[in-house]
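The structure is shown first.

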Amino acid sequence: MQLFLLGLVLLVVGYFFYGKLVEKVLGPDDRGTPARTMHDGVDFLVLPHWKNMLIQLLNIAGIGPVIGVILGIKFGVIAFLIIPIGNIIGGSVHDFVSGMMSLRHRGANLPALIRMTTGNVFYTVFSVFMAFLLLLVVAVFINVPANLIADMASANIFWYAVAVIFIYYIVATVFPVDKIIGALYPYFGGLLLIGTALVFVFMMIECCNRPELLTETAGFKANMFTAQKNMPIIPMLFVTIACGILSGFHATQSPIIARTMASERQARSSFYGMMVVEGVIAMIWAAAALVVYNLRPELMLQNPTSTLVEITTHFLNSKVGAVTVASVVILAITSGDTAMRSLRLSSAEIFHIDQKPLRNRILLALPLIVLVAALLWWSNQNEKTFQNLWNYFAWGNQVLAAATLTAATVWLTACRKTPLLTLIPGIFMTYIVTTYILWISPAHGGPVGFGMELEHASLVAGFFAVILAIWAWNRGTELRGRFDR
């Protein structure tokens, strides 16, 4: 229990101290924001600060801080330290810097920021990769909530749920940001926070009487992830737990509220702060999963959604538990819809298509609808195809994080600000994802990869991460004076 509580304290202290240090380096001021200087009533408009914070939280949270940590805690209680430390010096910095980059550059989406900092070649490859990843995100975040709805209803309504969620995504993608997202997210955010708070309260009551439930009991150790089971902490933990530690997907979402913020001075609480809140949510669900795994070790061999249902029914009564599961469904849906919106915005930016006319928004959304529908059909052919979809989403997400941190390092260097804020987590995440791609293979229990021995993969990945970091530093030095500080 001490390690869990220490992790929560680290997150809070990190926000007030390290978050303040990052803010001092970035230097938000009173210049006009894109919401004020580029107002169009669709994507660029001012929303209240409290709404922006809840929108950002729901945009970035997804199912990572719930489903991801239900899987991730199987690596052991070390996750209670890795989550807050990684969150404070990695994920929150990633979100804050990428958000400030968008604020300073006319609300630019991630591909435009990549082009501005790393050049056309990197940009072309990155744009294709990001579009592919966001399509995976939309497909995953339709699949998972539809399955949860079908489980709660105890009926074969999966495809009906898919249809309803998909229609909502389309509407949220083409309508102005304040009509759907700005109107609904505050209520969704409140539901998520209340459900998580209830789980925390009842879990702490139980664990005060039985503190061993927040440790690694014999039953837990027998089923936990280990290197001998092809699940080494490095790199697997950092691919399994993305949203609570560091997630590249977040950088695709930050421009959405960078276009609705009234002042740059709201950036620390909106970007850094909401990632810290996500870290707290991840810690609570990881701890709740650990308790349930200690009570029922056989759940460690089952689908994480089964553990989610068990957590809610164990700590809460059936009615409140159903509301909490509903909040997790909403968590997935509110990331999927903005992922699709981000796809529309990025496509419009790449092809220079004005998004004020509704017709243009619909025309851009149509090919996205076709592609997502095809992915949904493919991913539900059997359990293996969905597992492949999830695996590609997981490691692709972290490739995006490494690319974003590289671009952020270039930008900070070019602006004559200390690049160490992003250089260090960038090296680490590049090392992690490169190690994963070089090591993973069906023989190692994963999707297609290079299948190298872990030691060799680590050496190659370390060399590549350092080379990329040196390149980013040099690139930033070449671009000094090009960007507004």
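This is a predicted model: local features need pLDDT of at least 70, side-chain atom pairs count only at pLDDT 80 or more; totals for chains, interfaces and linings use all residues.

## Helix 3 and helix 12

On the helix 3 side the contact is made by Asn52, Ile55, Gln56, Asn59 and Ile60; helix 12 contributes Phe249, His250, Gln253, Ser254, Ile256 and Ile257. By class, 5 of these residues are nonpolar and 6 are polar, with no charged residue.

## Helix 12 and helix 13

Helix 12 also packs against helix 13, at an angle of about 130 degrees and with 11 Å between the axes. That angle makes helix 12 oblique to helix 13. The crossing of this pair is right-handed.

From helix 12, His250, Ser254, Ile257 and Ala258 meet Ser270, Phe271, Met275 and Glu278 of helix 13. The contact comprises 4 nonpolar, 3 polar and 1 charged residues.

## Ser270

Ser270 belongs to helix 13, which covers residues 267-295. Ser270 is buried, because its relative accessible area is 0% and buried means under 20%.

A polar atom of the Ser270 side chain lies 2.9 Å from the backbone oxygen of Gln266. Beyond its neighbours within four places in sequence, Ser270 is in contact with His49, Met53, Gln56, Ile257 and Met261. Of these partners, Gln56 and Ile257 also take part in the contact between helix 3 and helix 12.

Methods. Residues are numbered from 1 along each chain as its sequence is written. Side-chain values use heavy atoms; hydrogens and water are left out. Helices (H or I, at least four residues) and strands (E, at least two) are DSSP runs, numbered from the N terminus. Buried means under 20% relative accessible area, exposed over 50%, partly exposed in between (1.4 Å probe, protein chains only). A polar contact is a pair of N or O atoms within 3.5 Å; within protein, one must be able to donate a hydrogen and the other to accept it, and residues adjacent in sequence count only if both atoms are side-chain atoms. Contact means heavy atoms within 4.5 Å. Ala, Val, Leu, Ile, Met, Phe, Trp, Tyr, Cys and Pro count as nonpolar, Asp, Glu, Lys and Arg as charged, and the others, Gly among them, as polar. Axes are lines fitted to C-alpha atoms, for helices over the stretch in contact, and angles run from 0 to 180 degrees between N-to-C directions. Angles under 35 degrees count as roughly parallel, over 145 as roughly antiparallel, 65 to 115 as roughly perpendicular and the rest as oblique. A crossing is left-handed if the near helix is turned anticlockwise from the far one by less than a right angle, and right-handed if clockwise.
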